[in-house]
Amino acid sequence: MTNTERGRVLLLQVVSVLALLAIWEAAARAGWVDALFVPAPSAVVGAFGRVGPSALAGLADTLAKTAVAYVLSVVLGVSLGVAVGSVRVLREVLSPFVVAVYGMPKILVLPWIVLILGFGTAPAIVYGTIHGVFPILVLVMGGVRDVDRTLVTVARAFGASSWQLYWKVLLPAIVPTVLAGMRLGIVFCLLGVLIVEMFAGVRGMGFVMGSLANGFQAPELFAATALVSASSIAIVLALDSLNNRLSRWR
Amino acid sequence: MRVALIRAAILVALVLAWELLARAANPLLYVPPSVVLPALGRLLALDAYPELPQSLLLTLREIVIAYALAIAAGLGCGFVLGLNRLVGRAYGPILAALYAVPAVVWYPSLMLFFGLDAASKIAFGFLLGFFPITLAVLAGVRQVNPQMIVVARAFGARPAVVFAKVMVPAMLFTLVGGLRTGLALSVIGVIVGEILGAKGGMGALINHAYGLFRTADYVALVLVTLALVVASDVVASLVERRAQRWLE
């Protein structure tokens, strides 16, 4: 992209966001949309102050649960993915099961999880982990399967033990896949935790947003939504830049 | 053959283990298969929930509308962004950033705006299906070899012809993949919406059974809903195979 084009792109982005906000504000003030449901941007900005403390506490709670679920998903997803992916019998027998469960709408088992684990932190972590582990597992299984066979054969020919084969050949080869899985997994974990909080939460951002919607507090709800979206985008961008730095290092 | 046998054995072992463990622990909570089957029978005989057909139809209708809207908007946005370099460069990253947000954060606002009826489920199913379709069109447009377009133009093809005869066939593979993902996500969106709060549809029935601790009915309802999900995926895979055959 040339410099002038980059400037025009940036200009277009800024102008269209500002135009959208201006039209939205005008529509809300002129009463074209019901301010009860679609509050003006200025009202949303004002709501940040009111909803701030409870929303930030909720966000911290949600992110803490997401972090636990994420660590569990990555550890389980990578270890199971390597185990199932590298043993041919396991892979052939189990992959249809994994793919089937991956494609299933997990929301259907949520009532059951809540029934067994109750309300609160545990179901959120379990459900977030279920959400996060499958995309990672599927990616890592595929990554292990697609590792260059000649690498393995050569290592074997030079007398590498199984242990060395895993640590020196397989794991380094699947690092990009693992990183891709980690990037995908975080959004899924956050999604799962938020869904549980909306469905049966007593704390956390999903619960805060659900109560704001039920209370018809639209400006506060929009502010809370913006807060979660912004933090989610920030997390993904941070993972992306980490990813870039690691790949440059490789 | 041997693999298929092992798979069948694993399935049988899982069902048996479920039966034994559930009986030993708490049959009400863990619902052994021997309790699920009669419940499923009662459900399908319209004994447990006489409103099952209407609920199934409502959910199906929500899915169809949401998916149709997602296709229309996804193809429209995708082609506008993909064919126009400046617009694509400007809005593509914004779209990608929004895709990195877990979609369920929009659901409370949609529920507030569209109410508890079908409209909020349709809107959520639409939103989930829209992104993969748009992104698939964007990726597909990028795959088209520009030289083919130049050649087609040089031979005097009009833009509409270039579009239909050169671009669409060249990107069909990616496009159909995106449409299939979009369908799966629209289905999930509608079901998630219904379970998070609805007056009708399968989600409302599931919530009703769960709320009253009718666990056997709950599992039976989940199985019926899963059948709907699997059926939609089978239809999508048939369409996908058809498109691939057409390409060859």
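1. Helices (H or I, at least four residues) and strands (E, at least two) are DSSP runs, numbered from the N terminus. In this predicted model, local features need pLDDT of at least 70 and side-chain atom pairs count only at pLDDT 80 or more, whereas totals for chains, interfaces and linings use all residues. Residues are numbered from 1 along each chain as its sequence is written, chains are lettered from A and ligands numbered from 1 in the order in which they are written, and side-chain values use heavy atoms, with hydrogens and water left out.

2. Thr215(B) belongs to helix α11 (residues 215-247) of chain B. Its relative accessibility is 5%, so Thr215(B) counts as buried (buried means under 20% relative accessible area, exposed over 50%, partly exposed in between, with a 1.4 Å probe and protein chains only). If neighbours within four places in sequence are left aside, Thr215(B) has contacts (heavy atoms within 4.5 Å) with Leu115(A), Leu28(B) and Val31(B).

3. Over all chains, a search of the whole structure finds nine aromatic pairs; here rings of Phe, Tyr and Trp (its six-membered ring) pair if their centres lie within 6.5 Å, and planes under 30 degrees apart count as stacked, over 60 as edge-to-face and the rest as tilted. One of them joins Trp112(A) and Tyr30(B), whose ring centres are 6.3 Å apart with planes at 90°, so the pair is edge-to-face. This pair crosses between chains, since Trp112(A) lies in helix α4 (residues 110-117) of chain A and Tyr30(B) in helix α2 (residues 27-30) of chain B. Trp112(A) is partly exposed at 30% relative accessibility, and Tyr30(B) is partly exposed at 29%.

4. Phe113(B) and Phe114(B) also form an edge-to-face pair, because their ring centres are 4.9 Å apart and their planes are at 90°. Phe113(B) is partly exposed, with a relative accessible area of 43%, and Phe114(B) is partly exposed as well, at 35%. Elsewhere, one aromatic cluster is formed by Tyr99(B), Phe126(B), Phe130(B) and Phe131(B).

5. Which residues line the second largest cavity? The lining consists of Ile186(A), Val187(A), Leu190(A), Ser232(A), Ile235(A) and Val236(A), and α7 (162-200) and α9 (218-249) of chain A each supply at least two of the lining residues. By class, five of these residues are nonpolar, one is polar and none is charged (Ala, Val, Leu, Ile, Met, Phe, Trp, Tyr, Cys and Pro count as nonpolar, Asp, Glu, Lys and Arg as charged, and the others, Gly among them, as polar).

Methods. 1 Å grid on protein atoms, 1.4 Å probe; cavity = no way out; pocket = protein on both sides within 12 Å on 5 of 7 lines; lining within 4 Å.
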